[in-house]
Amino acid sequence: MNKKSAVLLCILIFLVLSCTAVFAQSRAVFRQVTGKVEVKPPNAGWRGARVGLAISTGTIISTGFNSTAVIEMDNSMLTVKALSRITLEELSRKGDEINTGLYLRSGRVEADVNPKGGLKHNYRLRSPITTASVRGTSLRFGVKSLFVKHGLVVMRNLLNRGGTAGEGEGVWTTTGLDMHTSEEDSSKRAEVDVLTGAEPFHWFRIGWFNMLGQISSSSGGSTGKSKINATVFFYLEW
Amino acid sequence: MKYRLFAVLLCITAITAYAIDFGGTIENDSKLGLGSGNIFDQGNRISLWAQLDFSDNLVFNAKASYIFTLEDPLIYEVDAFALQGEFPILGDSPFMIKLNLGRFPLADFSGMVLDSLVDGLEVVYSNSFMDFRLAGGYTGFQFKKTTKVVLTKADSNDVAEDDRYFSAPRLIALAELSFPEVFLRQNLVLTALVQFDLRPPGDLIKAGETTEDPTKGGYLNSQYFGIGLGGTIIPSLYYNLFGYLETGETLSYENGRYEYMPILAFACGGRITWFLKDSLASILGLEVLFASGDNDYTSFLEGNSKGDANLFIPISKTELGVAFTPEIPNIFLISLEYSIKPLESTNDPVWSNLQTAIKATAYFRASNGFISEDGAVVGADSLFLGVEPAVITNFRPFSDLGMVLSLGTFIPATTADIGAMAEGSPVVFVARFEFFFSF
Amino acid sequence: MKKGKLGFFFCLCFLLSVFVSRPLLAQSNVLIDQLLREDKATFGKSAYLCLMAANLISRRAGVDDALAYLEKANWGITIKKADEPIRLGELAYLLMKAFDMKGGIMYSLAPGPRYACRELAYLEIITGRVHPDRIISGERALQIISNMVAWKEDHQ
């Protein structure tokens, strides 16, 4: 090898190393596998998952019945619950920014996101009808709802309407076109819903009717229901 | 011929729907009152409903009820008969249009001004940051026995008239703009409501007449401008506030002559709720409500006798309380409530739903004038009406069965003490039981 | 020579265990893939997933086994052909029976798709439009079954 070739080689090696440093490939690795967990890498078939298996973007993770998987990604842990199907859409690191994108087709997951060392983590959980943006939080995310254990999360529906949930709060949608925030996941009322699947009350009304203990035949909100309210609701909605 | 055509139309509607669901409910509302004469009241309601799905975006709702009370065994109503559509346009700037056409319930954001069935149209435009709602409806096709829209003496007289079946004819229009999570998780609502009295002149007193007739009245047109704000203070601590300004005109008898005088009244209120999820799903709440009154009124309805009418008159009636049930006009109240699910930790699918609330409400008048309930002394110096402690137990053991037991005691503050209620006003105890079953 | 034959025998056993078990592991995932592609969820696959979720059929079972189980169980469910579309009420009823759920008064008096649908709507396992006659997509069917599994997990 002559001097010219050696210099070119050094430059080439330097460039490759620089690119690697800037666009560092983040890793997603299985840390726990219980029951039947399978992965389907891009352009490949289903295969079993095992502890220590690293997966790349585009991989679909599927858990069977009575099965769970825990996957470690940069500064975050993802627990995939039973009968869930999730795709790792993005996992990359650019400088001090980590980008994680997940698409939940069915089932639910729990995510713990803990950015460390000044790193910024853009963690996005998506489903067919919602998108949740997570920063430094711990939450449970399903196709139509999420519940926040720590931190603050904004979930957006198909209309790009955002609903924020803080610690101990939840956000859900029924069709992807509505949005409700709740202090608890759900609450059961004394009165019986006449038309199942109808929209719930406007949120102001819920509070007034319940807290004042009103008992009146009311046809409330913009629903087709006739209800009598005399209870205390747990959740607020808009 | 008309009925056959209607039946054929219904059949075609049902056939073209690709999914049909139907069912019914049975409700009972029994009330026992002790104190000012013993009362036993009972209302039973049986309702049948149907829902026809035409597509993912279009559904038709119909519901009718038969109501039997001890006072009147023959009350019926069509509670819903409306086509509802939801049309999302998804893409870069997604939005949605919702339509409601037919008979449907219409309410303002607070539920304090309007909550009534109307026959009309509602359109809602929603995008990522706001909802804009426009609605218009007519109340004159509802049966008078079930209406909550009673604003004038003529409306009240209709109830006693046997040859009158329908509710007072009024046209209601609503425009509402809401901004969910507009800033720092706060929700903002702006609303405007208009109500036109379409009653024909007939027996109404005309402006300029000089002979006073307390049994008759005129028409009442009103407008309402409201604002609401609410949201999270910290997780588990929520609040909401509302305020309304009412304008319009109402018949007044002043200086021996009937004239239409302007209405200038207001109502406001607020609530703070604290959820103590880990303490057997407890909720602690504090609530305040104020609706302006007028010292110059000579009767609760259309009683203005001097200057502007300052009594806040909502479009539809709303009753407050358990034992003491005044309507909103000229009322100021403070209420503290605590509710708990005592058996929540058992995780029993039936008993963990049991919920009990205790509540204490202090009632005042906003002015020395009339309130809707009898017993308050008009012109008495004090504004304090009394207190009502209550216990409410709510139980839903199954998906299709629910019941509520409410026990309330109204302790009046009489003029002999520091209050505004007539001397000798009794302590009133009310037990109310409600039962709901769906099939 | 004997050692060579023994070694070959063990290799053959190992290879067989790998290649025979893999199709069984992948079977339910392949079915789920097919279900997710269906605009109208089919009765066979939905029934299979319901029964698998409730541990009523073995991991080696297929759609035909699931239908045979339903025939034998005599739950009063109208058993359709495997490729016929399933309605929301039928799926709800399958889930109520498979998971041995107690319903409300009307479900106890008249068990069937209508009241099963309402029960699951009350429990928020089914959300949105709750018409028992609706034909649902494969994705929605899977979400409902998944919600049922999650609900059971939370309420055990």
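**Chatting through the model**

Tutor: Happy to! A:Glu90 lies in strand β8 (residues 85-94) of chain A. Keep in mind that this is a predicted model.

Student: Is A:Glu90 buried, exposed or partly exposed?

Tutor: A:Glu90 is partly exposed, because 15 other C-beta atoms lie within 10 Å, while a residue needs 20 or more to count as buried and 12 or fewer to count as exposed.

Student: And which residues does A:Glu90 touch, leaving out those up to four places away in sequence?

Tutor: With those set aside, A:Glu90 touches A:Thr57, A:Asn99, A:Thr100 and A:Gly101. As for distance, A:Glu90 and A:Ser56 are 34 residues apart in sequence, and their C-alpha atoms are 8.7 Å apart in space.

Student: Let's zoom out. How many helices and strands does chain A have?

Tutor: Chain A has 2 helices and 18 strands. Of its 238 residues, 52% are buried. If you take the contacts in chain A between residues at least 6 apart in sequence, 41% of them join residues at least 24 apart.

Student: Pick a strand for me. Which way do the side chains point along β6 of chain A?

Tutor: They alternate along strand β6 (residues 68-73) of chain A. A:Ala69, A:Ile71 and A:Met73 point to one face and are buried.

Student: What does β6(A) pair with?

Tutor: One partner is strand β1 (residues 28-34) of chain A, joined to β6(A) in the antiparallel sense over 5 bridges. Another is strand β7 (residues 76-80) of chain A, also antiparallel, over 5 bridges. A:Glu72 is a handy landmark here: A:Val29 has A:Glu72 as its bridge partner, and A:Glu72 stands opposite A:Met77 in β7(A).

Student: How many residues sit between β6(A) and β7(A)?

Tutor: There are 2 residues between them, and the two strands form a hairpin. In the turn, A:Asn75 has a positive phi of about 55°.

Student: Switching to chain C. What is it built from?

Tutor: Chain C has 7 helices and 0 strands. Of its 156 residues, 42% count as buried. Among contacts in chain C between residues at least 6 apart in sequence, 59% join residues at least 24 apart.

Student: Why is helix α6 of chain C largely enclosed?

Tutor: Helix α6 (residues 113-122) of chain C is largely enclosed by the rest of the structure because 10 of its 10 residues are buried. Those buried residues include C:Arg114, C:Glu119 and C:Arg118, along with C:Leu120 and C:Tyr122. What covers them includes α4 (88-98) and α5 (105-109) of chain C. Just after α6(C), C:Glu124 takes a positive phi of about 65°.

Student: How many residues are in the largest nonpolar core?

Tutor: The largest nonpolar core has 65 residues, and those with the most contacts inside it are B:Leu106, B:Ala291 and B:Ile331. Leaving out residues up to four places away in sequence, B:Ile331 touches several residues, including B:Leu289, B:Ala291, B:Leu320 and B:Tyr363. Apart from that core lies another, of 44 residues, among them C:Ala53, C:Ile57, C:Leu91 and C:Val149.

Student: Last one: how many residues of chain B are in contact with chain C?

Tutor: 9 residues of chain B are in contact with 12 residues of chain C. Strand β1 (residues 19-34) of chain B gives the most to the chain B side, with 3 residues. By class, that side has 5 nonpolar, 1 polar and 3 charged residues.

Student: And what is the average pLDDT for chain B?

Tutor: Chain B averages a pLDDT of 92, and 96% of the residues score at least 70.

Methods. Residues are numbered from 1 along each chain as its sequence is written. Chains are lettered from A and ligands numbered from 1 in the order in which they are written. This is a predicted model: local features need pLDDT of at least 70, side-chain atom pairs count only at pLDDT 80 or more; totals for chains, interfaces and linings use all residues. Two residues are in contact if their C-beta atoms, placed from the backbone, lie within 7 Å. Helices (H or I, at least four residues) and strands (E, at least two) are DSSP runs, numbered from the N terminus. Ala, Val, Leu, Ile, Met, Phe, Trp, Tyr, Cys and Pro count as nonpolar, Asp, Glu, Lys and Arg as charged, and the others, Gly among them, as polar. pLDDT is the predictor's confidence in each residue, from 0 to 100. Two strands pair if DSSP finds at least two bridges between them. A nonpolar core is a set of buried Ala, Val, Leu, Ile, Met, Phe, Trp, Tyr and Cys residues joined through C-beta atoms within 7 Å.
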